[in-house]
Amino acid sequence: MDKLAVGTTEAARLLGISRPTLYRLIGRTDFPSFRVGGRVLISVAGLQDWIDRQTKEGVG
């Protein structure tokens, strides 16, 4: 079974960005992150949708 969510280090690696840049994205309301206890997780499916929207909108 594939992962449904990843931590910040893996999400930053998947996106090819630094962790500080990822934390700036986490602050956005349209970014697919959520908290479980003290951890911040990023939805893998949500991340793909977010990337698709950014590509279509030409943002970034």
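Guide: Let us begin with contacts along the chain. In this predicted model, 39% of the contacts between residues at least 6 apart in sequence join residues at least 24 apart.

Visitor: How many helices and strands are there in the protein, and what pattern do they follow along the sequence?

Guide: The protein contains three helices and three strands. Their order along the sequence is β-α-α-β-β-α. The radius of gyration is 11 Å, close to the 10 Å that the globule rule gives for 60 residues, so the protein is as compact as a globular protein of that length. Along the principal axes, the C-alpha atoms fill a box of roughly 35 × 30 × 20 Å.

Visitor: What is the accessible surface of the protein, and what percentage of the residues is buried?

Guide: A residue is called buried when its relative accessible area is under 20%, and exposed when that area is over 50%. Of the 60 residues in the protein, 30% are buried. The accessible surface comes to about 4200 Å², and carbon and sulfur atoms account for 55% of that surface.

Visitor: How many positive and negative side chains does the protein have, and how far apart do the centres of the two sets lie?

Guide: There are 9 positive and 6 negative side chains, and the centres of these two sets lie 9 Å apart.

Visitor: Let us turn to single residues. Where does threonine 8 lie, and is threonine 8 buried or exposed?

Guide: Threonine 8 belongs to helix H1, which covers residues 8-15. Its relative accessibility is 10%, and threonine 8 therefore counts as buried, the cut-off being under 20%.

Visitor: Which residues does threonine 8 touch, beyond those up to four places away in sequence?

Guide: Threonine 8 touches Arg19, Leu22, Tyr23, Ile26, Val40 and Ile42. With arginine 19 there is also a polar contact of 3.5 Å between the two side chains. Arginine 28 is 20 residues from threonine 8 in sequence, and their C-alpha atoms are 15 Å apart in space.

Visitor: In which loop is phenylalanine 31 found, and why does phenylalanine 31 count as buried?

Guide: Phenylalanine 31 is found in the loop between helix H2 (19-26) and strand E2 (33-36). It counts as buried because its relative accessibility is 4%. Leaving aside residues up to four places away in sequence, phenylalanine 31 touches Leu15, Leu22, Leu25, Ile26, Ile42, Leu47 and Trp50.

Visitor: Which strand holds alanine 5, and which residues does alanine 5 touch?

Guide: Alanine 5 lies in strand E1, residues 5-6. Not counting residues up to four places away in sequence, alanine 5 touches Phe34, Leu41, Ile42, Ser43 and Val44. Its relative accessible area is 23%, so alanine 5 is partly exposed. Glycine 58 is 53 residues from alanine 5 in sequence and 25 Å from it in space, C-alpha to C-alpha.

Visitor: To conclude, where is the place of glutamine 48, and what is its relative accessibility?

Guide: Glutamine 48 is placed in helix H3, which covers residues 44-57. With a relative accessibility of 42%, glutamine 48 counts as partly exposed. Glycine 37 is eleven residues from glutamine 48 along the chain, and the C-alpha atoms of the two are separated by 24 Å.

Methods:
Residues numbered from 1 in each chain as written. Predicted model: local features only at pLDDT ≥ 70, side-chain atom pairs only at ≥ 80, totals over all residues. Heavy atoms only, no water. Helix = DSSP H or I, 4+ residues; strand = E, 2+ residues; numbered from the N terminus. Rg over C-alpha atoms; globule rule 2.2 N^0.38 Å. Buried < 20%, exposed > 50% of the residue type's maximum accessible area, 1.4 Å probe, protein only. Contact = heavy atoms within 4.5 Å. Areas by Shrake-Rupley, 256 points an atom, 1.4 Å probe, with all protein chains shown as cover. Lys, Arg positive; Asp, Glu negative; His and termini not counted. Charge placed at Lys NZ, Arg CZ, Asp CG, Glu CD. Polar contact = N/O pair within 3.5 Å; in protein donor to acceptor, adjacent residues only side chain to side chain.
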